[in-house]
Amino acid sequence: MSTPETHPELVENDDFELPADIFEEPKDFRPPTPVCSASLLSVSHFTLIMYPIHLQPPTFEDYTRESEYLWNAGLSMTKYLDKHKDLCIGKRVLELGAAASLPSIICTINGANKVVITDYPDPELLNNMQFNANANAPDALAKGIIKIEGFQWGQPPDYLFEALGGPDERFDLILLADLIFNHNQHVQLLDSCKACIAPGGQVITTFTHHVVKWLDRDLKFFELAVAEPFNFKVEKLYEETWTPMFPDDSGDERVRATVHAFRLTLD
């Protein structure tokens, strides 16, 4: 085995000292932490006060772009649920990947019996969900109508049923607002939907094709949903045109501006 060549500049020198601040970042090295500002959304006679979350590295840096906006698909779903209050009244509701929790909160305001709001079990994200729930439906939160839980798709959901009163209880309405762009999580997401849906229940999903070239990957979710072992029936509810969230992104702007809504049910 050959011995690596010794470089004079790498020979140990006891007289050499590193500056004490060598690991300190220069001033203004990073952009300032964004201030979390409220967005107001009017639905019927009520105005929701919503705070998107700003998660800073290294807490959960890959999630930052997803959590710091109120996404068109979530806004669209919220408007739809407010228009169709019968979907909420007296129902047991589960939202997956809730982030700012807009759809869950409008279900609560419109008379849901129980609303379990879930997202990835990151404390900062869950705290923001708690904050939004308390800002808009404090009585429901205090009475236990709203329950906030960390939940990873595809994991055992048994503890989510405790809020409904027992291990045999399930949800009448499951909400997925702008989640199917997580292509490598489609199976896990469908696993959770099937495990949590009550007989006669429904899953409502809204989404936008944010990356136009991956449109087919988004729609793979529905191919999986109708096939074994899930066997969901899929029905298109509506399409709406919104202002694209990121106007400078590549791809057909009309595609990126469209929100699609589908319903999934089981026999």
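# Notebook: a walk through the fold

I began at aspartate 172, which is buried at a relative accessible area of 18%. "Buried" here means under 20% relative accessible area, "exposed" over 50% and "partly exposed" in between, with a 1.4 Å probe and protein chains only. I noted that this is a predicted model, in which local features need pLDDT of at least 70 and side-chain atom pairs count only at pLDDT 80 or more, while totals for chains, interfaces and linings use all residues. Residues are numbered from 1 along each chain as its sequence is written, and side-chain values use heavy atoms, with hydrogens and water left out.

**Aspartate 172, continued.** I placed this residue in strand 6, which covers residues 171-177. Strands are DSSP runs of E with at least two residues, helices are runs of H or I with at least four, and both are numbered from the N terminus. I then listed what aspartate 172 touches, leaving out residues up to four places away in sequence: Lys91, Arg92, Ala198, Gly201 and Gln202. A contact means heavy atoms within 4.5 Å.

**The whole chain.** I counted eight helices and nine strands in the protein chain. The chain has 267 residues, and 45% of them count as buried. I looked up the contacts between residues at least 6 apart in sequence: 68% of these join residues at least 24 apart. The accessible surface comes to about 14900 Å², and carbon and sulfur atoms supply 52% of that. The areas come from the Shrake-Rupley method with a 1.4 Å probe; for residues, only the protein chains shown count as cover.

**Alanine 261.** I found this residue in strand 9, residues 258-265. Alanine 261 is buried, at 0% relative accessible area. With neighbours within four places left aside, alanine 261 is in contact with Thr205, Thr206, Glu235, Lys236, Leu237 and Tyr238.

**Cysteines.** How many disulfides does a search of the whole structure find? I got zero. The cut-off is a pair of cysteine sulfur atoms within 2.5 Å. For cysteine 88, the nearest cysteine sulfur belongs to cysteine 107 and lies 3.7 Å away. Cysteine 88 is buried, with 0% relative accessible area. For cysteine 193, the nearest cysteine sulfur is that of cysteine 196, 7.6 Å away. Cysteine 193 is also buried, at 0% relative accessibility.

**Helix 3.** I read this helix as residues 102-109, and seven of its eight residues are buried. The buried ones are Leu102, Pro103, Ser104, Ile105, Ile106, Cys107 and Thr108. Serine 101 lies in the loop between strand 3 (92-96) and helix 3. Its phi is positive, about 75 degrees, although serine 101 is not a glycine. Serine 101 is buried at 1% relative accessibility. Just after helix 3, glycine 111 has a positive phi of about 95 degrees.

**Helix 2 against helix 3.** I checked the axes of helix 2 (residues 72-83) and helix 3: they come within 8 Å and cross at roughly 15 degrees. That makes helix 2 roughly parallel to helix 3. Gly74, Leu75, Met77, Thr78, Leu81 and Asp82 of helix 2 make the contact with Leu102, Pro103, Ile106 and Cys107 of helix 3. An axis is a line fitted to C-alpha atoms, for helices over the stretch in contact, and angles run from 0 to 180 degrees between N-to-C directions. Angles under 35 degrees count as roughly parallel, over 145 as roughly antiparallel, 65 to 115 as roughly perpendicular and the rest as oblique.

**Helix 6 against helix 7.** The axes of helix 6 (residues 186-196) and helix 7 (residues 215-226) come within 10 Å and cross at roughly 40 degrees. That makes helix 6 oblique to helix 7. On the helix 6 side I listed His186, Val187, Leu189 and Leu190; they meet Arg217, Asp218, Lys220, Phe221, Leu224 and Ala225 in helix 7.

**Backbone notes.** Which residues does a cis peptide bond join? I found glutamate 228 and proline 229, with omega about 0 degrees. Proline 229 sits in the loop between helix 7 and strand 8 (233-241). Last, I looked at aspartate 178, in the loop between strand 6 and helix 6. Its phi is positive, near 60 degrees, and the residue is not a glycine. Aspartate 178 is buried, with a relative accessible area of 6%.
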